Amino acid sequence: MAPPTAPHTSQSAATASDWHRDLARAIRDPETLVTRLGLDPSHLQPARSSAGLFGVMVPESFLARMRYGDSDDPLLKQVLPVADEQQSHSATVDAVGDLDARRAPGLIHKYNGRALLIATGSCAVHCRYCFRRHYPYGEEPRRLDEWDPAIDQLAGDRSIDEVILSGGDPLMLSDTRLDQLIGRLEAIPHLSRLRLHTRLPVVLPSRVTATLCDRLRDGRLTPVVVVHANHPAEVVDDCADALLRLVGSGLTVLNQAVLLAGINDDTDTLAELCTRLANLGVVPYYLHQLDRVAGTLHFEVPEAEGRRLVAELAGRLPGYAVPRYVREVAGAAGKLPL
Ligand code: SF4
């Protein structure tokens, strides 16, 4: 089957200067977020307090998909700091065991055959439920030569055939830096696949440039792009165009969503999300149970409810459009199916 055709819009011609400009314009303080959306000023004080724990970051493109004046908007609730974040702040900061699995600066090795690089600590959006919101990114490599220990470790372990670029968000790296890092991985003969975990095609769609698509498609390693959308209202307009550009370039594109209370914990919303993704040629691959890190527990949905939702999805959608419901367990050899 032929992949969907990339749209001929101005976004098709997005360049590096476009996404750098869009990133520079992202909202970085609660005052601007509350004001721009016409929200009641009562949101400001708790937003200021909780932004002290984890700052605000919202690109204009993502803001444009929110409903003006609606504090229940499902996209806004993913990025607006709230008082609940302080109530669970004494919970763990590393629910998924990242730090125990750190083998070298920037290198996390948990699963057979796959290793993960923390390519950068930066993101274009700050998701309030983020499982790495407490990760010590300052200790990870920044300059290319600081990757030497991780690259040496990968080169010395022939059991690894796939590297996952994660973060933060690996697409926050410039095309030049990304090309350099991928080039070092391509030089390791036993590596076969390169996976990128990224939310930028969803929140900063101008990042999906022709240069990026060409580099991923034409590299030695087989690419897999895993994007992250949680609600169907995210998968519209310039985001939908960006996903089409990735798919239309011949890349395998999967989605992982997080099950979030008050945002996507109902069958209609999840079915619409999965349908929109499938219509664009994106596989709705995973639905994650929330990782229980400090500041996020108000997003948690009971597992029994998650199972019920996925069972209902299976009754409505074709099998390929039903995500696998999983959770990550620290120290386990793979994700746990729920
Ligand atoms: S994009 Fe990913 S890593 Fe960045 S804040 Fe959101 S969930 Fe966390």
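1. In this predicted model, Asp 237 belongs to helix H11, which covers residues 237-248. Although Asp 237 is not a glycine, its phi is positive, at about 50°. Is Asp 237 buried or exposed? Its relative accessibility is 56%, so it counts as exposed, the cut-off for that word being over 50%.

2. Another backbone feature to check is the peptide bond that runs from Gly 167 to Gly 168, which is cis, with omega near 15°. Gly 168 sits in the loop that joins strand E4 (162-166) to helix H8 (175-186).

3. In soluble globular proteins, nonpolar side chains tend to be buried together. Here the largest nonpolar core has 93 residues, and those with the most contacts inside it are Leu 33, Leu 117, Leu 165 and Leu 185. Helix H11 supplies the largest share of this core, namely seven residues.

4. Leu 117 deserves a look of its own: leaving aside residues up to four places away in sequence, it touches, among others, Gly 106, Leu 107, Trp 147, Leu 165, Gly 167 and Leu 185.

5. Which residues line the second largest pocket? Among them are Ala 119, Thr 120, Tyr 137, Glu 140, Arg 142, Trp 147, Arg 177 and Leu 181. The space in this pocket is about 160 Å³, and its lining divides into six nonpolar, three polar and three charged residues.

Key. Residues numbered from 1 in each chain as written. Predicted model: local features only at pLDDT ≥ 70, side-chain atom pairs only at ≥ 80, totals over all residues. Heavy atoms only, no water. 1 Å grid on protein atoms, 1.4 Å probe; cavity = no way out; pocket = protein on both sides within 12 Å on 5 of 7 lines; lining within 4 Å. Points joined across faces, edges and corners; volume = space filled by probe spheres on them. Nonpolar A, V, L, I, M, F, W, Y, C, P; charged D, E, K, R; others polar. Helix = DSSP H or I, 4+ residues; strand = E, 2+ residues; numbered from the N terminus. Buried < 20%, exposed > 50% of the residue type's maximum accessible area, 1.4 Å probe, protein only. Core = buried A, V, L, I, M, F, W, Y, C linked by side-chain atoms within 4.5 Å. Contact = heavy atoms within 4.5 Å.
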